[in-house]
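This briefing is intended for a reader who is new to the structure shown below. It treats aromatic pairs and then a helix contact.

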Amino acid sequence: MRDLLWHSQLRDESTVREAVRVLREHCPPRGPSLGVEIFEVDAEHQVVLVPRTGRIQIRIHGLTPKDERHQAAHSVVSWLEDLIQGRPQGHAEEHRP
Amino acid sequence: MKDMNDQWSRLPEHELSFLGDAPVIYHCHHFNLFLDQTVDDALGPKIGAELRFAAARDASYQLLESLMQASGAETPAERMSLAEGVFAAMGHGHLAIDVDQGKGSARGENLHYGRTWFEKYGGNVRRRTPVDTFAAGFIAAAAELAAGLPRESVIVKEDLCIGMRASHCEFSISRGEPGEHLAAIDRAATEATIGATKPTAGLHEPQIESITETLRAFLAGVRGDQHGLIQNFGVYITLHLTSYYNRITYGTISRVLKTAPKMLEILESLFRESGHVCVFNTFGGILMSPEWEGAIGELNPDPAEIVAGCTAIARALNFGRWTIREHSPGQRLVIDTPTTYECPYYLTRHGRSDRPSCYFLQGAALAIMQLAECVNWRERPALDQEFYNKLFRSGVKWRVEQTQCRTMGQDRCEVVVSKLKGST
């Protein structure tokens with residue numbers, strides 16, 4: 001499934017803690033989880049965070065048209081960066097390039 | 001039916017599971033599409049589709065009849081609602097079935113086979129025949145049960161298919177002549193074929209059991225989303241009926257043996273390849289997933305760790321109690337199991353075999369060795385077709401031999417993967 005999984009890495013423990021905190025504040029949690037925190041972003045995309053390692057995976061929903069997947073991933077990443085850095089929030093879709 | 005988990009049961013020591021009275025496992029869309037295509041390649045699209053439809057109707061009837069009885073669904077509306085809900089919960093997409101006395105129509109949205117075929121091939125290939133034969137068989141079984149019609153008596157044809165670039169799928173439902181009714185493949189039949197055989201511990205057993213338990217707990221909560229799809233580990237997953245896979249596999253083998261026996265070797269190699277496809281995509285996806293990293297730990301690329309991890313994944317997916325008997329990294333791997341998900345079907349419907357019959361186990365074991373030895377896990381490679389071709393379609397340095405098979409009267413199934421002579 002092309003362009004549906006995107007990876008990132010948080011640099012330290014305090015950033016991980018902050019990411020978990022703000023994601024819990026802004027996104028509905030999505031279960032079940034297996035050692036990870038899963039958050040739903042906008043329609044159906046997900047941010048998956050591994051608290052103990054800081055690994056992040058952005059999951060773009062499979063029904064997203066292929067030519068929109070890059071853009072969707074970019075929007076989620078930008079939105080997440082703003083969220084962690086405490087910048088004013090819109091929805092992820094408002095971060096389209 | 002309030003919760004599908006209420007209807008779930010296991011033979012825990014053999015790592016086999018049942019939904020209602022039907023044996024079930026998890027498989028991804030790559031495997032599902034590959035197996036269907038192998039059948040059609042061997043038999044042609046018409047006979048292949050007929051076999052797949054018969055298998056889907058047969059296996060689905062077993063499932064739905066037991067679920068309807070257990071849940072007390074009695075009216076046609078209750079029974080159809082249950083069928084639609086189960087289909088979506090298993091990750092096969094959404095069906096809306098409108099049928100009375102075996103005649104009517106159905107509409108499918110995001111059906112697993114059609115949706116994923118289009119995702120995987122639709123950009124390059126224009127398909128001429130419908131994809132969703134499993135859904136057609138499922139609808140037929142539901143229609144039979146809703147109206148109390150004879151088993152194998154409803155025919156369903158897919159008229160529109162998302163795999164053929166339609167916006168959704170449509171099916172027409174009609175009455176036909178009752179077809180052949182074969183012996184049931186249920187929990188009792190499965191237990192009867194296993195007999196008193198008990199599993200014994202192999203290498204890395206505590207580690208494998210611990211990982212299996214973790215993965216199983218996760219899978220117990222996995223259900224179709226609002227689209228009736230299960231997207232995880234980089235694949236679309238289905239909870240599926242082993243009798244479907246087994247009937248189309250062994251039905252194809254039987255027909256080819258009668259009509260073109262010289263093709264048997266090629267066909268068997270393709271059924272083995274279904275194991276490569278599954279292990280590469282699903283096992284690989286699980287090993288590299290955040291869930292693995294979070295619950296098991298960062299992936300250790302040591303071949304022994306990969307082999308142990310894959311064995312645990314196989315157990316959690318209900319493939320059987322795969323056990324590592326020997327492992328010499330870079331040289332040899334021996335896996336056995338008291339039974340595979342293939343044997344109960346074969347023994348019940350075909351009897352004893354004069355040749356080993358666990359094609360999936362054979363292919364999967366070779367693929368596990370390939371993943372353990374030839375993948376640079378630290379790079380987190382993309383599990384795409386290009387990488388698959390590189391790993392499995394040229395220069396594979398292993399051979400696999402099934403040395404024991406329950407279908408041949410032995411008390412377990414054993415496969416040996418060893419290095420090809422002359423390979424480095």
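Over all chains, the structure holds 25 aromatic pairs, a pair being Phe, Tyr or Trp rings (for Trp, the six-membered ring) with centres within 6.5 Å. The model is predicted: local features need pLDDT of at least 70, side-chain atom pairs count only at pLDDT 80 or more, and totals for chains, interfaces and linings use all residues. Residues are numbered from 1 along each chain as its sequence is written, chains are lettered from A in the order in which they are written, and side-chain values use heavy atoms, without hydrogens and water.

**Aromatic pairs**

- The ring centres of B:Tyr250 and B:Tyr346 are 4.9 Å apart with planes at 80°, so this pair is edge-to-face (planes over 60 degrees apart).
- Because B:Tyr250 lies in helix H8 (residues 242–259) of chain B and B:Tyr346 in helix H12 (residues 343–349) of chain B, the pair ties together parts 96 residues apart in sequence; helices are DSSP runs of H or I with at least four residues, numbered from the N terminus.
- B:Tyr250 and B:Tyr346 are both buried (under 20% relative accessible area, 1.4 Å probe, protein chains only).
- B:Phe280 and B:Phe392 have ring centres 6.2 Å apart and planes at 85°, so they too are edge-to-face.
- Both B:Phe280 and B:Phe392 are buried.

**Helix contact**

- The axes (lines fitted to C-alpha atoms over the stretch in contact) of helix H7 (residues 205–220) of chain B and helix H11 (residues 303–316) of chain B come within 8 Å and cross at roughly 45°.

Notes: Axes fitted to C-alpha atoms, helices over the stretch in contact; angles between N-to-C directions. Helix = DSSP H or I, 4+ residues; strand = E, 2+ residues; numbered from the N terminus. Phe/Tyr/Trp six-rings, centres within 6.5 Å; stacked < 30°, edge-to-face > 60°. Buried < 20%, exposed > 50% of the residue type's maximum accessible area, 1.4 Å probe, protein only.
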